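I opened a new structure today and kept notes as I went.

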Amino acid sequence: MKKKKFGTLCVHAGEHPDPAFGAHTTPIYQTSTFVFDNAEQGASRFAGQEEGYTYGRLVPNTPTHSVLVEKMVALEGGEAGHTFSTGMAAITGVALSLLKQGDHLLSTDVVYGCTYGLFTSLLTRFGIEVSFVDTTDLEEVQRNLKKNTRMVFLETPANPTMNVCDIAAITKMAKDFGAVSIVDNTFATSMFQKPLQLGADAVLHSCTKYIGGHADLLGGVLIGSSEFIDNMTPVVNDTGLTMAPYEAWLCIRGLKTLHLRMAKHAVNGMKIAEFLEAHRKISWVRYPGLPSHPQHTIAKQQMSGFGGMLSFGVAGGMEAGRKLMNRVELCSLAVSLGAVDTLIQHPASMTHADIPEEVRIKTGITDDLVRLSVGIEEPEDIIADLDQALEKV
Ligand SMILES: Cc1ncc(COP(=O)(O)O)c(C=O)c1O
């Protein structure tokens, strides 16, 4: 049969009537363990000679997890995957499975605050060398790749500056150095960006965001080749970074409308970005869909849409930004992103507060930066809310 389109895959990929009772919707296998027919079967499942489930922490976890993995594999164009309790668990899992003492990790300089924390505070304690590099500058990337570079971690668009880096160019450079490339695709989603097709070895998401889509779960997922995923399995099993069955089910449900939600997020994102850019009280806006975005050209090449995330500065700096956040009524003042409703927050004092001030400022996470996760409400209502709040700034 002809390869199905993205929206059809969101709805159908991985879904099968449940073999037990024919349930149309994937059941939640809320169980910690599985009963074997006999001792021989248990032994052969643990030996990997027979496929099947053994224990909730051990891959493939439960049939609910298997459906989620199959769906995400179809959406990202990979071969296999792992699920995790959070996006940070996915990043921890891949770092622990790839890196050892003496290895070098090259990371995008602008990343989610806890990713920065994990790389600096934890990995360095185990003798792993970490460099944060401006990955929008290919010469900088080339200069910082080393003989011992084992992993290249890219976040694009980056949280919260919206920097975009050239995935195809960097993954090729990494390959030439024998390094493995991992892309955090949380902001763009599988709908708008396909890192595996651009040369990445694995792609990961915080499912907490657009995959779940409704701000009611925590989760993570990582997709790659079968070989890559198999090599990770011992670390995933032994660390217990496991997603819960109910969370897996919520992700499956969320993914069925990913294509509809993302299309609306992107239309709204563009409208709100244009509104803000034209507003007299706004000093700057970063949205990859705007021609004024410094990497708009590469964003157009590697993304098929620009999503719902943007950042901006209010004229009058941090105090003015604070006033704006305190005066919105429809938008919620909350961290996280990718929800159906619009969320507004201040990275310098919230999501990225643990990054040392000089690093923050140098990488563009300035005190005046306000981050907006544009929801799927009607754009006129979001604009009216921002407008009334800006009037009071
Ligand atoms: C780009 C990005 N990656 C990873 C994470 C971590 O995800 P989680 O909160 O599910 O651990 C976040 C969280 O905000 C994020 O924005």
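Below are my entries, sheet by sheet.

**Ground rules.** I am reading a predicted model, in which local features need pLDDT of at least 70, side-chain atom pairs count only at pLDDT 80 or more, and totals for chains, interfaces and linings use all residues. Residues are numbered from 1 along each chain as its sequence is written. I take helices (H or I, at least four residues) and strands (E, at least two) as DSSP runs, numbered from the N terminus.

**The seven-stranded sheet.** I looked up the strand order. Seven strands form an open sheet, β1-β7-β6-β5-β4-β2-β3, with mixed pairing. Two strands pair if DSSP finds at least two bridges between them. The edge strands are β1 and β3 (129-133), each pairing on one side only. From one strand to the next, the twist averages 20 degrees. I read such angles from axes, which are lines fitted to C-alpha atoms (for helices over the stretch in contact), and they run from 0 to 180 degrees between N-to-C directions.

Next I checked two pairings. β1 runs antiparallel to β7 (residues 220-224), and five bridges join them. His82 has Leu222 as its bridge partner in β7. β2 (residues 104-108) and β4 (residues 149-155) run parallel, joined by four bridges.

**Strand β1.** Is this strand enclosed or open? Five of the five residues of β1 (residues 80-84) are buried, so the strand is largely enclosed by the rest of the structure. I call a residue buried if 20 or more other C-beta atoms lie within 10 Å of its own, exposed if 12 or fewer, and partly exposed in between, with C-beta atoms placed from the backbone. In a regular strand the side chains alternate between the two faces of the sheet. Ala80, His82 and Phe84 lie on one side of β1, Gly81 and Thr83 on the other, and all are buried.

I then found helix α4 (residues 87-98) lying across β1, β4, β5 (180-184), β6 (202-206) and β7. α4 runs at about 45 degrees to β7.

**Gly212.** This glycine sits in the loop between β6 and β7. Gly212 counts as buried because it has 24 C-beta neighbours inside 10 Å. Beyond four places in sequence, Gly212 touches Cys207, Leu217, Gly219, Leu250, Cys251 and Gly254. Contact means C-beta atoms, placed from the backbone, within 7 Å.

**The five-stranded sheet.** I moved on to the other open sheet, ordered β8-β9-β12-β11-β10 and mixed in pairing. Its edge strands are β8 (282-286) and β10 (332-333), each pairing on one side only. Four bridges pair β8 with β9 (residues 309-314) in the antiparallel sense. Val285 stands opposite Phe312 in β9. α11 packs on this sheet, touching β8, β9 and β12 (369-373), and its direction makes about 150 degrees with that of β8.

**Helix α11.** I looked up Gly269, which lies in α11. Gly269 is buried, with 26 other C-beta atoms within 10 Å. Its contacts beyond four places in sequence include Tyr287, Phe306, Leu310 and Val374.

Which helix did I check against α11 (residues 258-278)? I checked α15 (residues 379-391): the two pack at about 30 degrees, with axes 10 Å apart. Asn268, Lys271, Ile272 and Phe275 in α11 meet Pro379, Ile382 and Ile383 in α15.

Notes:
Contact = placed C-beta atoms within 7 Å.
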